[in-house]
Amino acid sequence: MANSQKLDLLMLAAHPDDAELGCAGTLLRYAAAGRKVGVVDLTRGELGSRGSAELRDEEAAEAARILGLHVRENLRMRDGFFRNDEEHQRRIIEVIRRFRPELILTNPNIDRHPDHGRAADLVHDAAFLAGLPKVQTQWEGEPQAPWRPRLLLQAIHNSYVRPDIVVEYFRLLGAEAGGPHGLPQPVLPPGVPVGGNQHLHIHPRLSGRAGRPQPGVGQLHWGAVCGRLHQPAPPGP
Ligand SMILES: [Zn+2]
């Protein structure tokens with residue numbers, strides 16, 4: 001995987017496994033459409049109750065191989081204790097300007113784990129600041145040009161939020177192990193039944209290039225890239 005290249009989609013996730021559990025199907029579908037996809041994890045998830053940071057490193061590398069990622073990096077911020085401050089914003093700005101993604105996915109700002117909400121706010125603020133020419137950063141001794149993604153979306157995790165965009169991905173995996181991408185069934189998140197269509201829900205917190213919400217842009221963008229999109233279900237009683 002190259003260290004620096006333009007990406008179409010960049011997932012900025014608080015922990016290694018957030019991308020896999022939160023939006024792997026979408027990453028896979030995007031990559032299958034011929035787009036360049038990357039994941040940058042903010043921390044190594046060293047405070048996770050299960051496993052270890054070293055095991056998560058190995059799993060992240062394996063997941064990157066399966067998903068066909070062009071980039072997978074880890075910023076090694078402190079799990080549980082990273083902050084949405086200038087120091088951390090500048091590190092995210094550097095990443096955004098290095099990879100110049102059209103679309104950024106990140107954690108949801110409404111979620112059980114406080115890291116997820118903080119990461120969402122951190123990425124949101126950094127994505128805006130990355131577009132300001134007077135916010136100066138360098139990478140490998142060279143000044144970086146400003147860049148702001150067209151869209152910033154949140155992948156719903158633990159807490160249900162009514163989605164604005166629903167991406168169908170299950171058929172891409174194949175209904176059984178060894179589908180078109182050779183994905184084994186355990187890649188699917190817990191609770192996902194095998195044998196039907198499943199939807200990934202994306203909650204957008206839209207930031208257009210002009211820095212203001214652009215309703216409908218998300219649907220148009222995903223429709224162009226991924227084909228058929230499903231309208232979200234109406235809210236329940
Ligand atoms: Zn997480």
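The model is predicted: local features need pLDDT of at least 70, side-chain atom pairs count only at pLDDT 80 or more, and totals for chains, interfaces and linings use all residues. Residues are numbered from 1 along each chain as its sequence is written. The protein chain has six helices and nine strands; helices (H or I, at least four residues) and strands (E, at least two) are DSSP runs, numbered from the N terminus.

**Overall make-up**

- Of the 237 residues in the protein chain, 38% are buried; a residue is buried if 20 or more other C-beta atoms lie within 10 Å of its own, exposed if 12 or fewer, and partly exposed in between, with C-beta atoms placed from the backbone.
- Among contacts in the protein chain with a separation of 6 or more, 78% are between residues 24 or more positions apart; two residues are in contact if their C-beta atoms, placed from the backbone, lie within 7 Å.

- Strands β1 (residues 9–13) and β2 run parallel and are joined by five bridges; two strands pair if DSSP finds at least two bridges between them.
- Leu 9 has Val 37 in β2 as its bridge partner.
- Between β1 and β2 the chain passes through helix α1 (residues 18–32), and this β-α-β crossover is right-handed; that is, with the strands pointing away from the viewer, the path from the first strand over the helix to the second runs clockwise.
- β2 also pairs with strand β3 (residues 71–77), in the parallel sense and over five bridges.
- Asp 41 has Asn 74 in β3 as its bridge partner.
- The chain crosses from β2 to β3 through helix α2 (residues 53–67), and this β-α-β crossover is right-handed.
- Val 39 stands opposite Arg 72 in β3.
- Strand β2 (residues 37–43) is largely enclosed by the rest of the structure, because seven of its seven residues are buried.

- Leaving aside neighbours within four places in sequence, Leu 27 is in contact with Met 11, Ala 19, Val 37 and Leu 67.
- Because 13 of its 15 residues are buried, α1 is largely enclosed by the rest of the structure.
- α1 bends by about 75° at Ala 24, the bend being the angle between axes fitted to the seven residues ending there and the seven starting there.

- Buried residues in α3 include His 88, Ile 92, Ile 96 and Phe 99.
- The cover over the buried residues of α3 includes β1, β2, β3, α4 (114–129) and β5 (138–139).
- Arg 90 is found in α3 (residues 86–99), and it counts as partly exposed because it has 16 C-beta neighbours inside 10 Å.
- Arg 90 and Ala 126 are 36 residues apart along the chain, and their C-alpha atoms are separated by 7.1 Å.
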